[in-house]
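This report concerns the nonpolar residues of one protein model. Please examine the sequence and structure below before reading on.

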Amino acid sequence: MERVLPIEIRNFLPHRAPMLMVDLITAIDDQSVETTFVVTEKCIFVENGYFSESGLIENAAQTCSAIVAQNYFVEGAEPVQLVGFIGAIKELSIKELPLVNQTLISKAKLISKMDTEDFVLCLIACTIFAGEKVLLETEM
């Protein structure tokens, strides 16, 4: 499937404001995805001018889910009711919290995937950056 970038994440995920923590997909294929998100003062995960740990984890989760969800959301197709959740966080390292108005670049890569008729189970690594600075590293 050929895609024109950037892609609105809302075409791949059911999340909507105030829980949408990704703005655009800037790169995507079957094994990886890159997204952007601008932290605004109105964001529900902003505390004292910083994007919280919970916000970073939610941004990583939504970024990771786009790898799997891309196969379910095709332009013009009937909507599919999906239920997705983080089954576990295997590793998590938060090095720094971003400030309001910073742009986050989140890069995720599929480590493993089990696909059955009823569900898909994946392990995905994600790193979130603000500029060149690593803010978060996780496997979920």
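## Basis

The model is predicted: local features need pLDDT of at least 70 and side-chain atom pairs pLDDT 80 or more, whereas totals for chains, interfaces and linings use all residues. Residues are numbered from 1 along each chain as its sequence is written, and side-chain values use heavy atoms, without hydrogens and water.

## Nonpolar core

A nonpolar core is a set of buried Ala, Val, Leu, Ile, Met, Phe, Trp, Tyr and Cys residues joined through side-chain atoms within 4.5 Å; buried means under 20% relative accessible area, exposed over 50%, and partly exposed in between (1.4 Å probe, protein chains only). The largest such core has 33 residues, and Phe51, Leu104 and Ile128 have the most contacts inside it. Of the elements supplying it, α1 gives the most, with 7 residues. Helices (H or I, at least four residues) and strands (E, at least two) are DSSP runs, numbered from the N terminus.

## Aromatic pair

Rings of Phe, Tyr and Trp (its six-membered ring) pair if their centres lie within 6.5 Å; planes under 30 degrees apart count as stacked, over 60 as edge-to-face and the rest as tilted. The count is 1 aromatic pair. Because the planes of Phe37 and Phe51 stand at 40°, with ring centres 5.6 Å apart, this pair is tilted. Phe37 lies in strand β3 and Phe51 in strand β5 (residues 50–51), 14 residues apart. Both Phe37 and Phe51 are buried.

## Isoleucine 86

Ile86 is located in the loop between α1 (53–69) and β6 (91–94). Its relative accessible area is 38%, so Ile86 is partly exposed.
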